[in-house]
Amino acid sequence: MAQNNYGHGVRMGNWNEDVYLEEELMRDFLEKRDKGELLIQRSVRLKESLLRPTQLSVSEDGHVHHGDSVMLVNPDHPETEAEVSLRGDLSLCLAPDELRTHLSDTPEVPCGLSAAPAGDPVGRNTFVILSAEPAATGDVLRFGQNFRLGIVRGSEGTTLSDITSASLDNSFDSLLSNCCPMREGQQEVPAFAQTSLYLSSDHRTLLKSSKRSWLQEVYLTDEVSYLNCWQAAFPDPQLRLEHEGLPIPANSKILINHCHTNRGLAVHRHLFLRTYFGKEVEVAAHTHLDSHRAEKPRNHWVLVVGSPRKDSCTLWDERTPPVPDTRALEPAAGPGAQ
């Protein structure tokens, strides 16, 4: 059958139906544009919410506290098991599914995680430390103490300060249990809990594992359970017991272990992922040990807090630069040197 190459303006064939169809498509487009339901509008809103600048908490005593907004950074280290790896300091980031991002303004649940080069604090790499035990906001976080890591889901009406202020003088679990009942057998969930995601993990199964390494998966969910609980440990195994119960210093290397599975949060710099924000690397829950039964740098993390200075965003940016190695110049400076 020959194809009609004429437009409806020529008034051949079903030209009247074509005119009404084009008008209907235009009305549908304008209606979606006014409601903000176009794919380009959803994509712009999601990027603006996840890439908006955030302010990290400033530690006055050098320790990390409940309610602080921090970045989780894996310090730079060479990857000895692979030739190609992503170097530099990497921060834990929210990584929404590339296909599902076009269906909603907020990341779908469960949401994936990745590690990207650490830069300025933004919405997708800033986490809030929430208490999983009876503790007030502002109390010092200690080694061996259960805590949760929450992140704003991307709602325009909720900020990191809303999550922190909602847990004043109460633990996170007590807030959920003391809510006013809406119906019989149901409880009202706080507004900040409806727009927050929590770092979680669970045992590996045949249907549920990390994408590249097939190890235990780490993800973000909006369900509050024991799968959200984590603990911090001192990286040196010989001094780990001595540091149990001591305050966690900010901007220092620690281990973050999952309470339910006893697996450490790890970064695989040699396993690349294609995410909504570009090429990043995988994050999983697995404890990598060396020949001395000590955790490898893959499991090392730093809770980075904000800087009181205006010219830098974090204290991690104010680290002392490494001293250059001058041993190669010592022979030239000997007695026989001219």
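Is F143 buried or exposed? F143 is buried, with a relative accessible area of 4%; buried stands for under 20% relative accessible area, exposed for over 50%, and partly exposed for the range in between, with a 1.4 Å probe and protein chains only.

Good morning, colleagues. What I present is a predicted model, in which local features need pLDDT of at least 70 and side-chain atom pairs count only at pLDDT 80 or more, while totals for chains, interfaces and linings use all residues. Residues are numbered from 1 along each chain as its sequence is written, and side-chain values use heavy atoms, with hydrogens and water left out.

I turn to the overall picture. The protein chain has five helices and 12 strands, where helices (H or I, at least four residues) and strands (E, at least two) are DSSP runs numbered from the N terminus. Of the 338 residues in the chain, 42% are buried. Among contacts (heavy atoms within 4.5 Å) between residues at least 6 apart in sequence, 68% join residues at least 24 apart.

Next, the aromatic residues. Rings of Phe, Tyr and Trp (its six-membered ring) pair if their centres lie within 6.5 Å; planes under 30 degrees apart count as stacked, over 60 as edge-to-face and the rest as tilted. A search of the whole structure finds two such pairs. Y276 is buried at 14% relative accessible area, whereas F277 is partly exposed at 24%.

F277 also receives a charge: R124 lies over its face, 4.1 Å from the ring centre. Likewise, the charged end of K279 sits over the ring of F272, 4.5 Å from its centre. The criterion is NZ of Lys or CZ of Arg within 6 Å of the ring centre and within 35 degrees of the ring normal.

Now the nonpolar interior, where a core is a set of buried Ala, Val, Leu, Ile, Met, Phe, Trp, Tyr and Cys residues joined through side-chain atoms within 4.5 Å. The largest core has 38 residues, and L199 and L265 are among those with the most contacts inside it. Apart from it lies another core, of five residues, including M71 and V304.

M71 and V304 lead us to strand β12. M71 has V304 as its bridge partner in β12, and β1 (residues 69-74) pairs with β12 in the antiparallel sense over three bridges; pairing requires that DSSP finds at least two bridges. Strand β9 also runs antiparallel to β12, joined by three bridges, with W301 as the partner of I254. Five of the five residues of β12 (residues 300-304) are buried: H300, V302 and V304 cover one side, W301 and L303 the other.

Finally, S200 in strand β6 (residues 196-201). S200 is buried, at 1% relative accessible area. A polar atom of its side chain lies 3.1 Å from the backbone oxygen of Y198. Leaving out residues up to four places away in sequence, S200 touches, among others, E217, T221 and W230.

Key. A polar contact is a pair of N or O atoms within 3.5 Å; within protein, one must be able to donate a hydrogen and the other to accept it, and residues adjacent in sequence count only if both atoms are side-chain atoms.
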